[in-house]
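Dear colleague,

Please find below the structure that I am handing over to you. My notes on it follow directly after the display.

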Amino acid sequence: MTDTTRIAIPNKGRLSDPSVDLLRKAGLVFETSSRALSVPARNMPVEVLFVRADDIPELVHDNVAQFGITGLDLVTEAGVETRVVMELGFGRCRLTAAVDESSPITSIEEFEGLRVATSHPVTVCDFFTDKGIDVTTVALKGSVEVAPKLDIADAIVDLVSSGSTMMINGLRPVATVLESQAALISRPDADPSPITTMVRAVVAAKRKRYVLMNAPADAIGAIEQIIPGAEAPTIVPLTHDGMYSVASVVDADEMWKVLPELEEAGASAILVLPIQQMIP
Ligand code: AMP
């Protein structure tokens, strides 16, 4: 093996742009304009490999790439042993079992004997076998949701995020087969790598904001209650009398609640800043 670490990411589809974005935020500098299969990073001994999302588990398993970013659904479907280093918080979806809205079926047990169309035949077969339910899987690469209308299947198992595509196609969800999101994967026995630390720092930072404000001395107690931060907030006296600069890290999801409370407590000149990377 060379000293260069290869990381495989999807070359198209909905995981492609967020994967490029994640690696850039992690500090890798690389081109995407040439549409080459493999692109060297300019600032690290790393090569970015652009390949199909469903090939990535196999490529990582075979050590063609030491790391990969792909959907957990595709990792399960590939059936090869890899390590999920971390979930990345994008590409969230569910593999959902559904029937035509006119069907009387309401439970997964009633799938017994049905033809089930899916783009994930291995996962679906394992799911029904585990439950002792006998189905015939019909493997399709795309347009799974039209299979019942074409009478090539009685039910489907397909990926959904909002569920609106299923509704538009007159399908009713019955059960969730698998929850998925994008993940960083490696070989099970991979050595620790700076890539893992860099990516983890971006993922941790995405859900956080750095909040900076000015406050009079008598407001500090209340502000500390509102933003305890990872530890205590940083409090630095300003040059003018009795004023302090207060800084803390706050959950991005909490900002809607925290900002009015800070203002109410007497904070002013409140700044909310994104955090690029964070190692807790
Ligand atoms: P794509 O290449 O765009 O067809 O999608 C590849 C991967 O994106 C899937 O295997 C999932 O991991 C993920 N994904 C996230 N949301 C959805 C969705 N609503 N439908 C299909 N795939 C999704």
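Is Arg115 buried, partly exposed or exposed? At 27% relative accessibility, Arg115 counts as partly exposed; buried means under 20% relative accessible area, exposed over 50%, and partly exposed in between, with a 1.4 Å probe and protein chains only.

Before going further, please note that this is a predicted model, in which local features need pLDDT of at least 70 and side-chain atom pairs count only at pLDDT 80 or more, while totals for chains, interfaces and linings use all residues. Residues are numbered from 1 along each chain as its sequence is written, and side-chain values use heavy atoms, with hydrogens and water left out.

Salt bridges

A search of the whole structure finds 10 salt bridges, a salt bridge being a side-chain nitrogen of Lys or Arg within 4 Å of a carboxyl oxygen of Asp or Glu. In one of them, the side chains of Asp154 and Arg115 meet at 2.9 Å, N to O. Asp154 lies in the loop between E8 and E9 and Arg115 in strand E7 (residues 115-118), so the pair ties together parts that are 39 residues apart in sequence. Helices (H or I, at least four residues) and strands (E, at least two) are DSSP runs, numbered from the N terminus. Asp154 is partly exposed, at 30% relative accessibility. Arg115, Asp151 and Asp154 are linked in a network of salt bridges.

Asp100 and Lys149 also form a salt bridge, at 3.2 Å from N to O. Asp100 is in strand E6 (residues 93-100) and Lys149 in the loop between strand E8 (136-139) and strand E9 (155-160), so this pair ties together parts 49 residues apart in sequence. Asp100 is buried, with a relative accessible area of 19%, whereas Lys149 is exposed, at 57%.

A further salt bridge joins Asp251 and Lys208, whose closest N and O atoms are 2.4 Å apart. Asp251 belongs to strand E14 (residues 243-251) and Lys208 to strand E12, so the pair ties together parts that are 43 residues apart in sequence. Asp251 is partly exposed at 35% relative accessibility, and Lys208 is partly exposed at 23%.

The ligand

Which residues surround the ligand? Among them are Gly13, Arg14, Gly71, Asp73, Arg92, Cys93 and Ser161; a residue is near a molecule if one of its heavy atoms lies within 4 Å of it. An oxygen atom of the ligand is 2.5 Å from an N or O atom in the side chain of Asp73, and an oxygen atom of the ligand is 2.8 Å from a polar backbone atom of Arg14. A polar side-chain atom of Ser161 lies 2.9 Å from a nitrogen atom of the ligand. The protein covers 77% of the 480 Å² of accessible area that the ligand has on its own; accessible areas come from the Shrake-Rupley method with a 1.4 Å probe, and for residues only the protein chains shown count as cover.

A buried loop residue

Gln181 is found in the loop between strand E10 (171-180) and strand E11 (182-186). Gln181 counts as buried, because its relative accessibility is 9%. Leaving aside neighbours within four places in sequence, Gln181 is in contact (heavy atoms within 4.5 Å) with residues including Thr70, Glu87, Gly89 and Phe90.

Yours sincerely

Methods: Polar contact = N/O pair within 3.5 Å; in protein donor to acceptor, adjacent residues only side chain to side chain.
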